[in-house]
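Q: I'd like to learn how to read helix packing and sheet layout from a model. Can you walk me through it?

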Amino acid sequence: MRKKLLSLLLTGAVLIGLTGCGTKEEDKGGASKDPDTITIWAWDEAFNIPAANAAAELYKKDHEDVKIKVVTMAQNDIVAKLNTSLSSKTYDGLPDIVLIEDYRIQGYLNAYPDEFADLSSVVSAGDFAPYKTGVNQIGGNMYGVPFDSGVAALFYRKDLIEQAGYKESDMQDLTWDKYIEIGKAVKEKCGVDWLTLDPSDLGQLRMMMQSAGAWYTDKNGKVSIDKNDALASAIGVYQELMNAGFVKQVANWDQFVGAFNNGDVATVFTGCWIVPSIKSAENQSGKWAVASFPRMSNVASSVNASSIGGAGWYVLKNTGHEKAAVDFLGKTFGSSAELMYQLGSEISLIPTLKAADDYSSKDDFFGGQDVVADLINWTAKVPTVNYGQSTYAVEDIMTEAMQEILNGADVNKTLAAYQTTIESAVAQ
């Protein structure tokens, strides 16, 4: 089973544009031989690395004798090195604390059950947004500290929707049907595309499914492709979007960001981590607003809230610094509202720690809207789903299914056919 899970964990690239995008490896050192040093691995020098450094400074205020080393490493490199070392039980060079994406962690916890420290003594599931804690638990015990919210939202150009005859009130709590209606009007009256889509990326389907409390797997983690109403409906919405005449197709992150920075599209629906990229187009300040994620009107369980991405902090118990690393997480990311407020200001973090859910910040770029408070509010409403152990392995195959459907294949028949294919591919 471990060999199969190892293969699945290595499968798939990172999410579109996610803060999970790897950066250069700044320090190739692993866990220090110094017994007083806690080593942390994370990716993204603009987000996760500053967060880890801020936590280190906070912790050292009361623990001056503890050294903390933060190592920048591309996410895919972290995945590969963890898999290689944990499968062989060779711990030299591994960190004490590691950031792991929510979509991947259940695979690790199930494949390597004796490698991660139980953090139940320092964190409680009730201290965080409900949708974030399910992936961190095995048998009711907490093995990770939830970090950033990947809460999804609809970012839109309010100047363009007004030119098309709509108001900000029309953009609140949208259904996808209404979203498409407004998009057609914007395209017709303003000559601007409504959104970008990348047919090779299924992040859009993930967001739509989670809005209905569904996934590629059921609540028990079993493959659920055939007769998955939320998945079929999400594909139906995707087809409607592609056929509406207002989509600008993109093939990579730069094209995605360039489309809204250049004013080529009027909306972006994705995770809250996109805010810095939107705000990088300073000439568009005051023209943007944010609304809740659209819901699927034909799926009763679908709500105006979803998520994409996000990660948590984990302690490797066999690298020699378990006790100190657990204490570090408990006193920083696991409990400190002060740290969350600091990171909200410095890196636009939307916290999932409930102790910091009163954080707010009006933003002139978004017309004075209190975007942070809205995103925190929507975070609390994101449905909880079981991501299973093989999200990326499933999507490698689902991408083929989507291409068939977009080329005219029947949705339900195609999903029924791919149920068996995917079950076989991820069998444990």
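This is a predicted model: local features need pLDDT of at least 70, side-chain atom pairs count only at pLDDT 80 or more; totals for chains, interfaces and linings use all residues.

Q: How are two packed helices described in general?
A: You give the angle between their axes and the distance between the axes. Here, the axes of H9 (residues 229-243) and H16 (residues 411-425) cross at roughly 130 degrees and come within 10 Å. The two helices are therefore oblique to each other.

Q: Now the sheet. In what order do the strands of the open sheet run?
A: Read it as E2-E1-E3-E12-E6, five strands with mixed pairing. E2 (67-72) and E6 (145-146) stand at the edges with a single partner strand each, so one side of each has no neighbour in the sheet.

Q: In which sense do E3 and E12 pair, parallel or antiparallel?
A: Antiparallel: E3 (residues 97-101) and E12 (residues 311-315) are joined over five bridges. To find your place, look for Val98, whose bridge partner in E12 is Tyr314.

Q: Which strands does helix H12 lie across?
A: H12 (residues 322-331) lies across E1 (37-42), E2, E3, E6 and E12. Relative to E12, helix H12 runs at about 150 degrees.

Key: Residues are numbered from 1 along each chain as its sequence is written. Side-chain values use heavy atoms; hydrogens and water are left out. Two strands pair if DSSP finds at least two bridges between them. Helices (H or I, at least four residues) and strands (E, at least two) are DSSP runs, numbered from the N terminus. Contact means heavy atoms within 4.5 Å. Axes are lines fitted to C-alpha atoms, for helices over the stretch in contact, and angles run from 0 to 180 degrees between N-to-C directions. Angles under 35 degrees count as roughly parallel, over 145 as roughly antiparallel, 65 to 115 as roughly perpendicular and the rest as oblique.
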